[in-house]
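Please look over the coordinates below before reading on.

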Amino acid sequence: MTDLNKQQVVESVPQRGFFGHPKGLFTLFFTEFWERFSYYGMKAILTYYMYYELSRGGLGMEESVALAIMSIYGSLVYMSGIIGGWFADRIFGESRAIFYGGILIMLGHIALAIPGSVPLFFVSMVLIVLGTGLLKPNVSSVVGELYSKHDPRRDAGFSIFYMGINLGAFIAPLIVGTVGLDYNFHLGFGIAAVGMFLGLAIFAFTRKKNLGLAGTIVPSRLSPAERKKVFLQIGLGVLLLAVIVAITIPLGWLTFESFIVIVGILGLLIPTAYFVVMYRSPRTSKVERSRLIAYIPLFIAAIMFWAIQEQGSTILANYADKRTQLDYAGFHISPAWFQSLNPLFIITLAPVFAWFWLKLGKRQPSIPKKFALGLLFAGLSFLVILLPAYFGGEDSLVNPLWLVLSYFIVVLGELCLSPVGLSATTKLAPSAFSSQTMSLWFLASAAAQAINAQVVKFYSPATEMAYFGVIGGIAIVLGILLLALSSKIQGFMKGIH
């Protein structure tokens, strides 16, 4: 998107009307609120659905397999963002990508809501993976389009948007988790589908009035001849992939274990390839290349952070179910409710952090230093959760407050890193790759969860202390290293603060 097009987008957006922000933020806030409600509602019960026995309404998988699938699922969800970013930049724009993505997500939840079999479960996975890839990076990119790069409301706008994400994520486990675990998994998945429908309705009925041109301009539209060639290549690629799968599965070459390895490799190779392509592109200016170099250590830090944070829905979800006192102080706690802790703390603390950064003004930490703080808190959250096993042993049930404390500490890190990362990505992105750079930001989570799929198999009550200690220690070491290099990284940002 050229600077002229960006200016046209900003001028076309109603600039006041939602807490002093553009009206388009209302549309995107509630679209993302309901999309996150559907996703995190599904996520709160999906691990349990996979490993609970058939008699309890689950699929009866082994726990280690279920945890690995959950990590792979999360990795593919974020990895598919490169598809959504490419289609938005080259084919039909961000607005239509958001709408089409929402439809696929809703269909995926409907597939989960139908009592069926493992094949139907994997069909839902494909739909939700592709749908989230279209919607997730593009809705965040459109938030960036509502403001000029130097609009002082920009960071605050992303913080409000981030609040919408976490409101949906907070409510979902309480509603979907309770219904799914106490009544019926499929009814819970059905509620998630309704949530996505509401998000689609809000987007469809308000986008024209509130968003203006935001999300409608295709920055690097393919010509009709190029589109025909690309779609032919995509079709051939899908056909070739289907043939490979049909041959390798019966031969025993493509197994679940080998698939995990493949996804792990792709989780690291794809973002590496993206950095190389954007850096070498003739459409990337010298200043933008410098900013890409600055983005690389931030991206690595984000991978380490999300590798810990995303285990809240795998290892810590299992920990809540198997290792935690769920009957506490005369009250029964659903293990799914712990999934609401992360967004609850974010909702509570985000205004405090926003006020604190504003109060510090120019004295606030730089972007690299905030990322380093995020890593330090993430590492500490894992060191905290190993203490119950140290004091009480691996067989005793743990006071739920230990789990609450771990979630609280990692949220402190998330508020230092995640909203800042979203904003920094839109600022550091080369103009010709705006949507795809936002997809790259989500690839940090994809890479993290691809790594987690390899790592979660090492977790057990017997290895609990070593597992949390090693991962937490690595995060703290990387955080200290990033602090030491922060001034140098800031210099490569070329005026972005």
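**Notes on the model**

1. The lining of the largest pocket holds 28 nonpolar, 5 polar and no charged residues. A pocket is an open set of points on a 1 Å grid over the protein atoms alone, with protein on both sides within 12 Å along at least five of seven lines; a cavity is a set of points where a 1.4 Å probe fits but cannot get out; lining residues have an atom within 4 Å of a point.

2. Some ground rules. This is a predicted model, where local features need pLDDT of at least 70 and side-chain atom pairs count only at pLDDT 80 or more, while totals for chains, interfaces and linings use all residues. Residues are numbered from 1 along each chain as its sequence is written, and side-chain values use heavy atoms, with hydrogens and water left out.

3. How much space lies in the largest pocket? About 1600 Å³. It has 33 lining residues, and those closest to its centre are Leu76, Val126, Leu241, Phe259 and Leu266. Volume here is the space filled by probe spheres set on the grid points, which are joined across faces, edges and corners. Helix 3 (63–79), helix 4 (81–113), helix 5, helix 8 and helix 9 (256–280) each give at least two residues to the lining. Helices are DSSP runs (H or I, at least four residues), numbered from the N terminus.

4. The search of the whole structure returns 3 cavities of 30 Å³ or more. The largest cavity holds about 420 Å³. Its lining counts 26 residues, with Tyr40, Trp306, Gln309, Glu310 and Glu414 nearest its centre. By class the lining has 12 nonpolar, 9 polar and 5 charged residues. Several helices each supply at least two lining residues, among them helix 2 (24–51), helix 5 (118–145), helix 10 (286–309) and helix 15 (400–428).

5. Glutamate 414 lies in helix 15. Its relative accessibility is 4%, so glutamate 414 counts as buried. The cut-offs are under 20% relative accessible area for buried, over 50% for exposed, and partly exposed in between (1.4 Å probe, protein chains only). Glutamate 414 and phenylalanine 371 are 43 residues apart in sequence, yet 8.9 Å apart in space, C-alpha to C-alpha.

6. The second largest cavity has a volume of about 60 Å³. Its lining includes Ile308, Gln309, Asn342, Phe382 and Tyr407.

7. On the surface, Leu232, Leu236, Leu239, Val243, Ile247, Leu251 and Trp253 form a nonpolar patch with about 750 Å² of accessible area together. Patch members have over 30% relative accessible area and no salt bridge; nonpolar side chains (Val, Leu, Ile, Met, Phe, Trp, Tyr) are joined within 5 Å, like charges within 9 Å. Areas come from the Shrake-Rupley method with a 1.4 Å probe, and for residues only the protein chains shown count as cover. Leucine 239 is in helix 8 (residues 224–251). At 54% relative accessibility, leucine 239 is exposed.

8. Charge pairs next. There are 6 salt bridges in the whole structure, each a side-chain nitrogen of Lys or Arg within 4 Å of a carboxyl oxygen of Asp or Glu. One joins lysine 136 to glutamate 32, with the closest N and O atoms 2.5 Å apart. Lysine 136 sits in helix 5 and glutamate 32 in helix 2, so this pair ties together parts 104 residues apart in sequence. Both lysine 136 and glutamate 32 are buried.

9. Arginine 36 and glutamate 35 also meet in a salt bridge (2.6 Å, N to O). Arginine 36 is buried at 1% relative accessible area, and glutamate 35 is buried at 0%.

10. Glutamate 63 and lysine 322 form another salt bridge (3.2 Å, N to O). This pair links distant parts of the chain, helix 3 and helix 11 (residues 315–322), 259 residues apart. Glutamate 63 is partly exposed at 31%, and lysine 322 is partly exposed at 42%.

Terms used
Nonpolar A, V, L, I, M, F, W, Y, C, P; charged D, E, K, R; others polar.
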